[in-house]
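The following briefing sets out selected structural features of one protein chain, grouped by topic. Please consult the sequence and the coordinates alongside the text.

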Amino acid sequence: MSNGNCIAKSEKEQFLKEFSDDYGYPNAPKGIDEIRSSEFKRLDGLVYLDHAGTTLYSELQMEAIFKGLTTNVYGNPHSQSDSSLATSDIIREARQQVLDFCNASPEYYKCIFTSGATAALKLIGEAFPWSSLSTFMYTMENHNSVLGIREYPLTMTILFVG
């Protein structure tokens, strides 16, 4: 074992001594080390910290996607065919899973898929019923696209004042 590996191992042992009760999903069926070694093999020997845009996909996810794409035919969900109905079923199931996770009733909430946070925030800005009484506030630290929403109430203020 190289000196670097010894240092890394002793640092991890020290870390675990201090934080082992909270480390790596302690109440989950698989711990973080097992997940990393079985589902993120490509990270062996690497430290990956760039989760700003999206997190890494696991090998398990890719295997499931590959299996689904090689054993099913998916069509345009806006069409009427067996392959289109298969796609619609998957979309309906995914929406329900999101609502269930958020403990949200489909009677009161809709799950809308967008291309990302920017598209979702744009929809909010466009759909919100802005008026001259609206106040738009945001935190000091937020997604940059939140700042784009401020243009909607500014436009409404100009319309109401002008």
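Tyrosine 57 counts as partly exposed because its relative accessibility is 47%, where partly exposed covers the range between buried (under 20% relative accessible area) and exposed (over 50%), with a 1.4 Å probe and protein chains only. The model is predicted, so local features need pLDDT of at least 70 and side-chain atom pairs count only at pLDDT 80 or more, while totals for chains, interfaces and linings use all residues. Residues are numbered from 1 along each chain as its sequence is written, and side-chain values use heavy atoms, with hydrogens and water left out.

**Overall architecture**

- The chain contains seven helices and zero strands, where helices (H or I, at least four residues) and strands (E, at least two) are DSSP runs numbered from the N terminus.
- The order of elements along the sequence is α-α-α-α-α-α-α.
- Buried residues account for 13% of the 162 residues of the chain.
- Of the contacts in the chain between residues at least 6 apart in sequence, 17% join residues at least 24 apart; a contact means heavy atoms within 4.5 Å.
- The chain has an accessible surface of about 13,500 Å², and carbon and sulfur atoms contribute 59% of this area; accessible areas come from the Shrake-Rupley method with a 1.4 Å probe, and for residues only the protein chains shown count as cover.

**Nonpolar surface patch**

- A nonpolar patch on the surface is formed by Tyr57, Met62, Ile65, Leu69, Tyr74 and Ile90, which together have about 580 Å² of accessible area.
- Patches are made of residues with over 30% relative accessible area and no salt bridge, with like charges joined within 9 Å and nonpolar side chains (Val, Leu, Ile, Met, Phe, Trp, Tyr) within 5 Å. A salt bridge is a side-chain nitrogen of Lys or Arg within 4 Å of a carboxyl oxygen of Asp or Glu.
- Helix 3 (residues 59–71) supplies three residues, the largest share of the nonpolar patch.
- Tyrosine 57 lies in the loop between helix 2 (32–39) and helix 3.

**Glutamate 39**

- Glutamate 39 belongs to helix 2 and is buried because its relative accessible area is 12%.
- Apart from neighbours within four places in sequence, glutamate 39 is in contact with Lys30, Ser58, Glu59 and Leu60.

**Cysteines**

- The structure has zero disulfides, a disulfide being a pair of cysteine sulfur atoms within 2.5 Å.
- Cysteine 102 is in no disulfide, and the nearest cysteine sulfur, that of cysteine 111, lies 7.9 Å away. Cysteine 102 counts as exposed because its relative accessibility is 51%.
- Cysteine 111 is likewise in no disulfide, its nearest cysteine sulfur being that of cysteine 102. Cysteine 111 is buried, with a relative accessible area of 13%.

**Aromatic pairs**

- The whole structure contains five aromatic pairs. Rings of Phe, Tyr and Trp (its six-membered ring) pair if their centres lie within 6.5 Å; planes under 30 degrees apart count as stacked, over 60 as edge-to-face and the rest as tilted.
- Phenylalanine 15 and phenylalanine 19 form a tilted pair, with 5.0 Å from centre to centre and 40 degrees between the planes. Both residues lie in helix 1 (residues 3–19), four residues apart, which is about one turn of the helix.
- Phenylalanine 15 is partly exposed at 37% relative accessibility, and phenylalanine 19 is partly exposed with a relative accessible area of 36%.
- Phenylalanine 128 and tryptophan 130 also form a tilted pair, at 4.5 Å centre to centre and 50 degrees between the planes. Phenylalanine 128 is partly exposed at 42% relative accessibility, whereas tryptophan 130 is buried at 13%.
- Phe128, Trp130, Phe136 and Tyr138 are linked by ring pairs into a cluster.

**Asparagine 103**

- Asparagine 103 has a positive phi of about 55 degrees although it is not a glycine.
- Asparagine 103 lies in the loop between helix 4 (82–101) and helix 5 (117–127) and is exposed, with 73% relative accessibility.

**Threonine 118**

- Threonine 118 is located in helix 5 and is partly exposed, with a relative accessible area of 47%.
- The C-alpha atoms of threonine 118 and asparagine 144 are 8.4 Å apart in space, while the two residues are 26 residues apart in sequence.
- Not counting residues up to four places away in sequence, threonine 118 touches His143 and Ser145.
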